[in-house]
Amino acid sequence: MAEPGGPDPAVSELQRLVAAEQQRAQFTAQVHNFMDVCWDKCVDKPGSKLDSRTEGCLASCVERFIDTTLSITNRFAQIVQKGGH
Amino acid sequence: MLRACAVRTISLLSMRGEVIVPHRASCWQTREGRSRRRAVCPEPGMEASSPAGLAATDPQLQHFIEVETQKQRFQQLVHQMTELCWEKCMDKPGPKLDSRAETCFVNCVERFIDTSQFILNRLEQTQKSKSAFSESLSD
């Protein structure tokens, strides 16, 4: 039931679904990325369960990775601003 | 022990968000004589008895493709896990796979799944607290 002259609600619904799926895929890709990085850093030899030291290392790994990404992004933004166009 | 490990590996497939979508086989061209070289797509009322009946509406073919795709993804996962766990668990290859290495492989797969789940939860937590996170990482 498209209103005359207005956006088709079915199309916008589809767009919304596609955007949600894209976001989900992006999130999943991020998780894989983190896995690659943090598995090497934090797991030496797999034990019979995930011990507290490894869990702590994984939590730190995720947060430090995010901090690093943010600080590098800010640094680049600064450089671009100072450089001008 | 390895069998239980395989069951967990299959659950890892779904956890990785790999959605198996039935692949729509495109209508194939028949090459029976030059006069019939055209794309043959079954119409709604058409029987699947002709050679060109193997088309998009064949549920058997679709199911087969689904199964094969899943098998391929599973094999891919097994290769990836073998590569990872070989580095962690294999020191020096001996004359046979000793029980210690076998236990380590089982632990390796399970810890991998636990780690993935942990990171997933952690990321969700961090996303909720820091809203700027998703903006910067989406670039």
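Q: Which residues of α1(A) are buried?
A: Buried means under 20% relative accessible area, exposed over 50%, and partly exposed in between (1.4 Å probe, protein chains only). In this predicted model, the buried residues of α1(A) are A:F27, A:T28, A:Q30, A:V31, A:F34, A:M35, A:C38, A:W39 and A:C42.

Q: How do the axes of α1(A) and helix α3 of chain B cross?
A: Axes are lines fitted to C-alpha atoms, for helices over the stretch in contact, and angles run from 0 to 180 degrees between N-to-C directions. Here the two axes come within 10 Å and cross at roughly 125 degrees. Angles under 35 degrees count as roughly parallel, over 145 as roughly antiparallel, 65 to 115 as roughly perpendicular and the rest as oblique; α1(A) is therefore oblique to α3(B).

Q: Which residues make the contact?
A: Contact means heavy atoms within 4.5 Å. From α1(A) the contributors include A:F27, A:F34 and A:W39, and from α3(B) they include B:F112, B:I119 and B:L123.

Q: Is B:D91 buried or exposed, and where is its place?
A: With a relative accessible area of 62%, B:D91 is exposed. Its place is in the loop between α2 (59-89) and α3 of chain B. The C-alpha atoms of B:D91 and B:A101 are separated by 8.9 Å, the two residues being 10 apart along the chain.

Q: What conventions apply?
A: Residues are numbered from 1 along each chain as its sequence is written, and chains are lettered from A in the order in which they are written. Local features need pLDDT of at least 70, side-chain atom pairs count only at pLDDT 80 or more, and side-chain values use heavy atoms, leaving out hydrogens and water.

How values were computed
Helix = DSSP H or I, 4+ residues; strand = E, 2+ residues; numbered from the N terminus.
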